Amino acid sequence: MHRRDFIKKSIIASTGLGAACCGGKEEEKIKVVILGFDGANWATIDPLIKKGELPFLKKLKEESAWANFETFKPAKSNVVWTSIASGKTMLKHGILDYVYLKKNGIKVPYTRADRKEPMIWQILDSFGKRSTVINWWCSHPPDKIKGVMVSDHFRRVIRKRVKRDNSSESFATSVFPAEFFEKLIRVEMRKYPKVLQETGLPNFPGLYNPESPWAYAYKLNLLKGFPIFARMDAFVEKISDYLYTNVNVDFFATYFRLPDVVQHFVLSLFKKEYIEGVLSAIKTNTLTREKHKEVIDRISGFLKPVYRYMENIIEKYITENRDSNTYFFIMSDHGFSLYDKGYNHYGLPDPYQAPDGILLIKGPRVKKGRIKKASVFDIAPTILNLYDLPVGKNMDGRVLSDVFRFHRKKRYKVYKLKKDGRMKRDESYDKETLDGLESLGYI
Ligand SMILES: [Zn+2]
């Protein structure tokens, strides 16, 4: 079968089944939008919803299907986001950690070159669907798909600008197709004061408690680096807006990192004695439920502006959406846990589980209410089924059928990663990735 015939057939099949099961309206094309927010969790969002601080998110949760989003250890962001996009465990998709050691002892970061399985946008591409994917972990060099792919390297152009280096050639390969690089490099890169003003984020480094440089001081690189992280997310927001408005696609996914970054340094904003008291109570198993709730509520208080910014982004996409057949998947890759050495999402000792993230699904035919069980592996199969495409036969998740007010027959297919000649490592990208991970204390 010729490729074009195949594409035509699959489109007919998808609209055909829709019409048979649900009436004429289903013939409209389905659009899926993923908004990813690293590290966001209900434990710190819900107290703010309760206080009326996040009114749009409150309404959204009431009108959506939502879940405590199950993830898995080691709960490292690059590993989990690759599972979300592939529907597969790390042993299958090949991204096992932040870095690995080569035989000669040289550290190499896991990147796109190490991916062994196709991502959802590559599968959709094989069915003729167009995607825009922005800033996803392990996405450099970008996949050559119909639509636009902005790799997780592109945002680093901000760091270069901070160093007053205006060259941008090394970033030209981070956008596919290349013509979009010229457009995106002209999108506004807001300076830090303007970011704070327009996003409502505080200058977190100014909130650091200087009289108590406690054991977590090594994490202060994250705190010191906050202006850059904030500017990077603000830039990702602008390029996402630009591509969402100007490029018509079936699948759109973008990713923001701030909720994770801020939670990594949040304990350094507390008084030293307070946190030391809490951690020693955890060690001796004497932390009461009330005290635990008090700490989480205080953390939640520091996160308020971060979640407000997240809420504004979500609100913009949902209220300005013009396609009535759009399904929004809003999610994070993990939450955080308070344990005897601090507040983290990885490196947690047993019996701590990987802390749950958030999942919200909103769309025209979504049943609202809590989804009893949903994991990071379920997103890729669920989205394929939503498009009425075969689910990956060796995917590790399940279709979240209970969420939708229609039933699509499940079909299965083995999807394999096609070698497209872009698997070569980009050494300057690897080096910058290592520097970045080191400065964050991740490796
Ligand atoms: Zn993460």
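In this predicted model, strands β9 and β12 run antiparallel and are joined by four bridges. Strand β12 also pairs with strand β2, again in the antiparallel sense. A zinc ion is coordinated by D38, S77, D333 and H334. The points below treat the strands and then the metal site.

**Strand β12 and its partners**

- Strand β12 covers residues 357-362, and five of its six residues are buried, so the strand is largely enclosed by the rest of the structure.
- The pairing of β12 with β2 (residues 65-70) extends over five bridges.
- Within β12, L359 is the bridge partner of A67.
- L359 in β12 also stands opposite M331.

**The zinc site**

- The donor atoms are OD of D38, OG of S77, OD of D333 and NE2 of H334, at 1.9 to 2.1 Å from the zinc ion.
- The arrangement is tetrahedral because the four donor atoms subtend angles of 98 to 119° around the zinc ion.
- Along the sequence, the donor residues follow the spacing D-x38-S-x255-D-H.
- The pair S77 and H334 links distant parts of the chain, as these residues lie 257 residues apart.
- S77 belongs to helix α4 (residues 77-86), whereas H334 lies in the loop between β9 (326-331) and β10 (337-339).

- A residue counts as buried if its relative accessible area is under 20%.
- S77 has a relative accessible area of 1% and is therefore buried.
- H334 is also buried, because its relative accessibility is 0%.

Technical notes
Residues are numbered from 1 along each chain as its sequence is written. This is a predicted model: local features need pLDDT of at least 70, side-chain atom pairs count only at pLDDT 80 or more; totals for chains, interfaces and linings use all residues. Side-chain values use heavy atoms; hydrogens and water are left out. Donors are N, O and S atoms within 2.8 Å of the metal (3.2 Å for Na, K and Ca); water is not among the atoms, so sites may look incomplete. Four donors count as tetrahedral if all angles lie between 85 and 135 degrees; four count as square planar and six as octahedral if opposite donors are over 155 degrees apart and all others between 65 and 115; anything else is irregular. Helices (H or I, at least four residues) and strands (E, at least two) are DSSP runs, numbered from the N terminus. Buried means under 20% relative accessible area, exposed over 50%, partly exposed in between (1.4 Å probe, protein chains only). Two strands pair if DSSP finds at least two bridges between them.
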